[in-house]
Amino acid sequence: MVRGKEVKRGEPKRADYVLFYKPHLPLAIVEAKAGYKTVSSGIQQAIDYAQILNIPFVYSSNGKGFYEHDLLTGEEKEIPLADFPTPNELWNRYKQNQHIDDEQESKIFSEYYDDGSGRSPRYYQRIAINKTIEAITKGQNRILLVMATGTGKTYTAFQIIWRLWKSKQKKRILFLADRNILVDQTKNQDFAPFGKAMTKITNRKVDKSYEIYLSLYQAVTGNESEKNIYKEFSPDFFDLIVVDECHRGSAAEDSAWHDILTYFSSATQIGMTATPKEETNISTSTYFGEALYTYSLKQGISDGFLAPYIVFKIGLDKDLMGWRPELGKKDKFGNEIEDKEYTQSDYNKTLVLEKRTLEVAKQIMRFQRENDPYAKAIVFCENIEHADLMRSFLCQEAPEFVKENPKYIMKITGDDQQGKAELDNFIDLESRYPVIAVTSRLMSTGVDAKTCKLIVLDRSIGSMTEFKQIIGRGTRINEDYGKYYFTIMDFRNATKKFSDAEFDGYPTEVKVELGSNVDEETAEDAVFDDAEIEEGIDDTYDWDDGEVIGEPPTKKYYVDDVNVEVIDVNVQYLDENGKLITENIKSFGKNFILRRFPNSSDFITAWQQAKQKLKFLADLSEKGLFLDELRKEYGKEFDAYDIILTNTYGIAPLTREQRAEKARELLNHLEGDCHDIFTDIMNKYVEIGVSALENRTIIRLEPFTSQYGTGAEIVKKVGGTEKYLEITEKLKQAIYSN
């Protein structure tokens, strides 16, 4: 959970007992409750956990018996303690329900790869792997796995391939991707255990002596002058084909990539994607079938495996109100501008307001300076020309950083060889530069930028598929680099798609035909969504980062004398249910406390009854109260107690000095060193709060040690430990009395 710049982990869900029949094969879950509760009191909680973990048999117990819920049949029953089923009994029940015979059983038990490091699949990876192995074992030959960006699709694919390969169910396997960097990362990292059994198809050469093949789609397909080298393999050569990012080309009925899968139609084929596509002639579900398993971005964030996001929606005056040129106005090149109302959809397509791009650059660099100037950022622009202009203005706004290293800001687009050459450095964890990558479409997918903390949206995004891919550039958590969340700076209202039901759901098939009555963004996206280019992409795709190569550019007007200003900024956070809401620190804190203490008297009572106020505050903080951020809102002179009271219930706060003044009356009854010591402790309370009274390490520090001696000597001077605790308790009662 993120509020302001503070990050906290939510409360985890913890299953009491998960019972595994084999490693990575859980069969039952048990929720244990106290003896005074009913035997079934934990069953609903256990069912919730079992559904998340894909466990078929669910139990609740109060220590006197068991209550069973069978998720396979829906049946429930109470059973005595002594009759809890054995592992074999539960497995045989599962086998019978799922129609698994003995031969299939041995294949399902194939072992995971274990490198000895203790690494094991996360629960959702285990589910995807086990479901896939079981489906293939039972004869299913087309499988679709939908897993959000950053959730380990490649590692999941490796474990699936490893188990099928080691058990000899599949002997020759092809892994297809559409980016060189993806193939190389896969070969050198997750797939490394395949060793000498593995090869990457390069230079359009075929060697049939390997068992595991990795390839770009483009490396095995051809154009008019080159043959399709995949046909040098026999149609039944491969037993298994895994298609990474299968939404991009393999599902398109008229693509060369689709021809590969048709040629090897006898092979089992697994499609993997974060964003299944259902559009004109491109349907992942039509080809691969309905998703066997889906692990969504929302679920990944909720589970804490993916980074949550903050959204800054920035409204520019010319975006929100439009712009119309005065009659006869000419652009910077002397062209008379067509008289019409220009809106956000026109900017950087038919009209370039240069000072608009300049204002966006100013906002980006202001954010970088206020947070971390060296935090990786990706800026998505409308097209290559817009990216050129954005890079120039960003450099103007960051002269000290560009002076330090000219590669602080790099344009990384399909037409720029120098920029593309820096892509590896941008995603390299150890490389500081480039810091800010300015792009159009080239980096919207397949770029594993683990340390990216800022995504800037300054272009129209037509499809949900592309939006999800772009957001996926920031969703990886990297605690070693302080990456717990990322920020989206939205200048085009693209983040409205977060509220679309399709964002976290499966897309429904739509038919978009060019020339029909569809909006410009949808039609454009249908053409350009796969228009990304890099070294090795088939030259028959005559596109470059969303622009047609060789065609004259669309007529544009270039205006450099129209000012653009920010007139609205909205900050949105994810709430504890994963919903994007506009909520500041104060309202979040208020709602957080009200859910736990509906009335001020409830909170005051709980506070006064808490023996340790620091623990009380720590508990609230661990559960999600961003107390440090609230202190920034109200000031350091107020106690946490008063900040909560005034923020939640509107009760006028007292400063710590005012509270201390009430309590100092008690000091009049003390004498000598005892009086002086506790006077200094109260002064410390005014300075730092209640920890001065509850954390006894304070008397072992200055100024106490130089004036009164060691901690033990100080305790002795006030009458011993019990007396010390008695006085501090009375002081706390006086401080927080009504």
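This tour goes through the model stop by stop, giving what to select and what is found there.

**Before starting**

The structure is a predicted model, in which local features need pLDDT of at least 70 and side-chain atom pairs count only at pLDDT 80 or more, while totals for chains, interfaces and linings use all residues. Residues are numbered from 1 along each chain as its sequence is written, and side-chain values use heavy atoms, with hydrogens and water left out.

**The whole chain**

Select the entire chain. It holds 29 helices and 28 strands, where helices (H or I, at least four residues) and strands (E, at least two) are DSSP runs numbered from the N terminus. Of its 738 residues, 54% count as buried; buried means under 20% relative accessible area, exposed over 50%, and partly exposed in between (1.4 Å probe, protein chains only). The chain exposes about 33600 Å², of which carbon and sulfur atoms supply 46%; accessible areas come from the Shrake-Rupley method with a 1.4 Å probe, and for residues only the protein chains shown count as cover. Among contacts between residues at least 6 apart in sequence, 71% join residues at least 24 apart, contact meaning heavy atoms within 4.5 Å.

**Stop 1: the open sheet**

Select the strands β20, β21, β19, β22, β23, β17, β27 and β28, which form an open sheet of 8 strands in that order, with mixed pairing. Two strands pair if DSSP finds at least two bridges between them. The edges are β20 (409-411) and β28 (580-582); each has a single partner strand, so one side of each is left without a neighbour in the sheet. From one strand to the next, the twist averages 20 degrees. Axes here are lines fitted to C-alpha atoms, for helices over the stretch in contact, and angles run from 0 to 180 degrees between N-to-C directions.

Residues 384-397 form α13, which lies across β19 (376-381), β20, β21 and β22 (452-458) and runs at about 165 degrees to β20. Helix α17 (residues 464-471) also packs on the sheet, where it touches β19, β22 and β23, and its direction makes about 150 degrees with that of β22.

**Stop 2**

Select Glu 422, in the loop between α15 (417-421) and α16. Is this residue buried or exposed? Glu 422 is buried, with a relative accessible area of 8%. Leaving aside neighbours within four places in sequence, its contacts are Lys 407, Met 410 and Pro 434.

Move on to Pro 434, which lies in the loop between α16 (423-427) and β21 (436-439).

**Stop 3: other backbone exceptions**

Most residues other than glycine have a negative phi, and most peptide bonds are trans. A further cis bond joins Glu 702 to Pro 703, with omega near 5 degrees; Pro 703 sits in the loop between α26 (691-694) and α27 (704-708).

Then select His 99, whose phi is positive, near 60 degrees. His 99 is in the loop between α2 (87-98) and α3 (102-108) and counts as exposed at 67% relative accessibility. Asn 493 likewise has a positive phi, of about 60 degrees, in the loop between β23 (486-490) and α18 (520-528). At 32% relative accessibility, Asn 493 counts as partly exposed.

**Stop 4: strand β12**

Select residues 240-244, strand β12, of which 5 of 5 residues are buried. In a regular strand the side chains alternate between the two faces of the sheet. Here Leu 240, Val 242 and Asp 244 point one way, and Ile 241 and Val 243 the other.

Show the strands that pair with β12. Strand β9 (residues 173-177) runs parallel to β12 and is joined to it by 4 bridges; strand β13 (residues 268-273) is also parallel to β12, with 5 bridges. Ile 241 is the bridge partner of Leu 174 and has Gln 269 of β13 as a bridge partner.

**Stop 5: helix α20**

Finish at α20 (residues 600-609). Which residues of this helix are buried? They are Phe 603, Ile 604, Ala 606 and Trp 607. These residues cover an arc of only 165 degrees around the axis, which puts them on the same side of α20; the arc is that of the directions from the helix axis to the C-beta atoms. The buried residues pack against α21 (613-622) and α23 (640-649).
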